[in-house]
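Dear colleague,

Please find below the structure I am handing over to you. A summary of the findings follows it.

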Amino acid sequence: MPTFDEMVRLAKTDPETLENIRRVLIEDLIADAPESYQRRLRGLQFQIDMERRKAGNPMGACVAISKMMHDSLFKLRETMNGFTGKSELVEPEPSYNTSAEVLSFPLLANR
């Protein structure tokens with residue numbers, strides 16, 4: 001994998017090579033995932049690629065992909081809180097009848 005500086009150079013001088021590296025790294029990552037997840041990961045990557053293509057510029061693509069992530073997180077939160085009917089984040093009830101041993105750690109200075 002190229003260093004960050006090398007990727008910056010490729011982005012400026014040879015974006016096609018950088019794009020090929022991106023595709024190979026993504027494919028390697030998906031191939032390393034459990035087989036049961038690969039179809040879903042390929043579908044997600046397809047959605048990301050389509051958002052990048054629709055955006056037309058890197059900043060627009062970043063905003064669109066960020067929105068996808070926020071929408072997904074919102075749906076997850078809605079699903080998790082769906083049983084309560086509340087849309088805000090539900091905090092767990094505190095449990096006061098548990099006990100714990102408190103450990104003290106000596107303060108180490110100048111080490």
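Leu41 counts as partly exposed, because its relative accessibility is 32%, a value between the 20% limit for buried and the 50% limit for exposed residues. Please note that the model is a predicted one. Leu41 belongs to helix 3, which covers residues 35–55. Together with Tyr37 and Leu44, Leu41 makes a nonpolar surface patch of about 260 Å².

A second residue that I would draw to your attention is Glu19, located in helix 2 (residues 15–32). Is Glu19 buried or exposed? Glu19 counts as buried, because its relative accessibility of 19% falls under the 20% cut-off. As to polar partners, the side chain of Glu19 makes a polar contact with the side chain of Arg22, at 2.6 Å.

Turning to the protein as a whole, the model contains 4 helices and 0 strands, and the order along the sequence is α-α-α-α. Of the 111 residues in the protein, 9% are buried; Glu19 is one of the residues that count as buried.

Finally, a word on contacts along the chain. Among contacts in the protein with a separation of 6 or more, 13% are between residues 24 or more positions apart.

With kind regards

How values were computed:
Residues numbered from 1 in each chain as written. Predicted model: local features only at pLDDT ≥ 70, side-chain atom pairs only at ≥ 80, totals over all residues. Heavy atoms only, no water. Helix = DSSP H or I, 4+ residues; strand = E, 2+ residues; numbered from the N terminus. Buried < 20%, exposed > 50% of the residue type's maximum accessible area, 1.4 Å probe, protein only. Contact = heavy atoms within 4.5 Å. Polar contact = N/O pair within 3.5 Å; in protein donor to acceptor, adjacent residues only side chain to side chain. Patch = residues over 30% accessible without salt bridge, like charges linked within 9 Å, V, L, I, M, F, W, Y side chains within 5 Å. Areas by Shrake-Rupley, 256 points an atom, 1.4 Å probe, with all protein chains shown as cover. Salt bridge = Lys/Arg side-chain N within 4 Å of Asp/Glu carboxyl O.
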